[in-house]
Amino acid sequence: DQATSLAGHIQKQRRSLGLRQQALAIMMGVTKETISSWEAGITTPRSNKKHRALIKWLGYDPESPLHI
């Protein structure tokens, strides 16, 4: 379900902050195409560092064993 998936959380948070995909891409150190792919649920962050940064940006504790 898109609303409860990682993809859905990324898109909802980005939009609630009024950010464009390009702005989030710069913050995450990836390309706009990567953000688009994450939001579409096609891919997820490949590196642990990017995944942890994204989880933290979404407002969750990256140390918690339960992520979205």
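Axes here are lines fitted to C-alpha atoms, for helices over the stretch in contact, and angles run from 0 to 180 degrees between N-to-C directions. Helices (H or I, at least four residues) and strands (E, at least two) are DSSP runs, numbered from the N terminus.

This is a predicted model, in which local features need pLDDT of at least 70, side-chain atom pairs count only at pLDDT 80 or more, and totals for chains, interfaces and linings use all residues. Residues are numbered from 1 along each chain as its sequence is written, and side-chain values use heavy atoms, with hydrogens and water left out.

**The chain as a whole**

The protein chain has 4 helices and 0 strands, giving the pattern α-α-α-α along the sequence. Of its 68 residues, 29% count as buried (under 20% relative accessible area; exposed is over 50% and partly exposed in between, with a 1.4 Å probe and protein chains only). Taking contacts (heavy atoms within 4.5 Å) between residues at least 6 apart in sequence, 44% join residues at least 24 apart.

**How α2 meets α4**

Two packed helices are described by the angle between their axes and the distance between the axes. For α2 and α4, the axes come within 11 Å and cross at roughly 125°. The pair is therefore oblique (angles under 35 degrees are roughly parallel, over 145 roughly antiparallel, 65 to 115 roughly perpendicular, and the rest oblique).

| Helix | Residue range | Residues in the contact |
|---|---|---|
| α2 | residues 21-28 | L24, M27 and M28 |
| α4 | residues 48-57 | K50, A53, L54 and W57 |

These contact residues divide into 6 nonpolar, no polar and 1 charged. Ala, Val, Leu, Ile, Met, Phe, Trp, Tyr, Cys and Pro count as nonpolar, Asp, Glu, Lys and Arg as charged, and the others, Gly among them, as polar.

**The buried side of α2**

Within α2, the buried residues are Q21, L24, A25 and M28. They sit on the same side of α2, because their arc around the axis is only 105° (taken from the directions from the helix axis to the C-beta atoms). Their cover includes α1 (6-16), α3 (32-40) and α4. After α2 comes G29, with a positive phi near 75°.

**A buried arginine**

R14 belongs to helix α1. Is R14 buried or exposed? With a relative accessible area of 8%, R14 is buried. Beyond its neighbours within four places in sequence, R14 contacts L19, R20, Q21, L24, E39 and W57.
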